[in-house]
Amino acid sequence: MSLIRRNPDLAAAALLALVTACFSEVSLSSLRESINFPLLALLFSLMTIVAALRRAGFFSGLFCHLFQKPMNSRRMGQVFLFLSFFTSMVFTNDVSLIIFVPLAISLFKEAHALRLVIPVLTWMTIAANLGSMLTPIGNPQNLFIYAHYHLPLAEFLSITAPITVLSAVLLLLASYTLEERPLMLRFAKPTGIPRLRTALLLLLFALCLLNVLRLLPISFLLAIVIPACAFLDRKAFLEVDYKLLALFLALFIAVGNLTHIPGLQERPAALLAGHEFWISLLLSQVVSNVPATVMLSPYTENYTALLLGVNIGGLGTLIASMASLISFKAYLSMRFHFARAYFLVFTGANLGFLAVLIGAYLVLWGK
């Protein structure tokens, strides 16, 4: 029971897969059709490489390099905010927050600026969720949509770039709400980063990007990444988010079962037609944007509305994007925390951004 309480999304997806299997003809061939094995393999490769980079000190080295000069509280908040924004485009929103949220908490505690922790974490979380929108590898739902609809990279970026640019401007303006006062902090230069290992891991990451660009087969990628990571840092395999992979697997099976149930193909498609943006946005508020993406994709070809709906829909509630829970749980780990204050600030800021980006969607796409 404790496992279910800790992973309600995975438990719900597994239950949905089991229930739908009772009403659908399940076979090995139907399972093979339902499960996107290349996507799972690419996700596994990316997560393993990023975990190895984190263990090698690549991200902490980047962080220390940026903080070599003394700065005030607002400037430090802005650096954390835009580190989250830009790194999420390449290393995913989850990884960005896992790396930088604990560092932000630690530094603001050391600087005796605890009242800035809640607003800084809020803007960092929004920044990671919005920055990850730009690229196919920025978050799991993007990678799924990119693969499911076989989108050209240029077309994908033409959809996400306008909202991402607007988000950057909004985040910059929002960062000026942070208090500005001097901070007495000094950072030592990073030492001990294995340069050769880091370079090889970055090369492996580049191979993953070639697969995203459809220039390298997934079988060839796995044949290189798995033995290379086993040689460079086998413990990185222990830090892969297997829960996310299992969640995708359960959702693939559940959605595949639904599409094989008589009458459950045409009706949802008819209800969704013309309302993809709104339904995906609202569904994300309840079940989060990754499950919403997998559940809705079989019933629509309007990938533009779906892509923007689940990404903008990552704002709003605390569970609209599961990455948001990373920041919240990190904040709760502080000895003195105020969960109600965090929830109110987080929700208010998210709803404000959500309203502006919905308005931008209506202006740009007219629906």
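1. Ala, Val, Leu, Ile, Met, Phe, Trp, Tyr, Cys and Pro count here as nonpolar, Asp, Glu, Lys and Arg as charged, and the others, Gly among them, as polar. On that basis, the lining of the second largest pocket divides into 16 nonpolar, 10 polar and two charged residues.

2. Basis of the note. This is a predicted model: local features need pLDDT of at least 70, side-chain atom pairs count only at pLDDT 80 or more, and totals for chains, interfaces and linings use all residues. Residues are numbered from 1 along each chain as its sequence is written, and side-chain values use heavy atoms, with hydrogens and water left out.

3. The largest pocket. Its volume is about 990 Å³. Of the 44 lining residues, Asp9, Asp94, Asp241, Lys243 and Met322 are the closest to its centre. (A pocket is an open set of points on a 1 Å grid over the protein atoms alone, where a 1.4 Å probe fits, with protein on both sides within 12 Å along at least five of seven lines; lining residues have an atom within 4 Å of a point. Points are joined across faces, edges and corners, and a volume is the space filled by probe spheres set on them.) Helix α4 (residues 37-55) gives the largest share of this lining, six residues. By class, the lining has 29 nonpolar, six polar and nine charged residues.

4. The second largest pocket. Its volume is about 580 Å³. It is lined by 28 residues, and the closest to its centre are Asn36, Leu39, Ala147, His148 and His150. Helices α3 (28-34), α4, α9 (140-148), α11 (195-212) and α13 (242-259) each supply at least two lining residues. The most come from α9, with five. (Helices are DSSP runs of H or I, at least four residues, numbered from the N terminus.)

5. Salt bridges. The structure holds six. (The criterion is a side-chain nitrogen of Lys or Arg within 4 Å of a carboxyl oxygen of Asp or Glu.) Arg54, Arg55, Asp233 and Glu239 are linked in a network of such bridges.

6. Glu180 and Arg74. Their side chains meet in a salt bridge, 3.4 Å from N to O. Glu180 sits in the loop between α10 (153-175) and α11, and Arg74 in helix α6 (residues 73-91), so the pair ties together parts that are 106 residues apart in sequence. Arg74 is buried at 18% relative accessibility, whereas Glu180 is partly exposed at 48%. (Buried means under 20% relative accessible area, exposed over 50%, partly exposed in between, with a 1.4 Å probe and protein chains only.)

7. Glu179. Its salt bridge with Arg115 has the closest N and O atoms 2.9 Å apart. This pair links distant parts of the chain: Arg115 is in the loop between α7 (93-110) and α8 (117-131), Glu179 in the loop between α10 and α11, 64 residues apart. Arg181 also forms a salt bridge with Glu179, at 3.5 Å. Arg115 is exposed at 58%. Glu179 is partly exposed at 28%, and Arg181 is partly exposed at 22%.

8. Leu15, Val19 and Phe23 make a nonpolar surface patch of about 320 Å². (Patch residues have over 30% relative accessible area and no salt bridge; like charges are joined within 9 Å, nonpolar side chains, here Val, Leu, Ile, Met, Phe, Trp and Tyr, within 5 Å. Areas come from the Shrake-Rupley method with a 1.4 Å probe; for residues, only the protein chains shown count as cover.) Val19 lies in helix α2 (residues 8-21) and is partly exposed at 40%. Leu18 is in helix α2 too, and is exposed at 60%.
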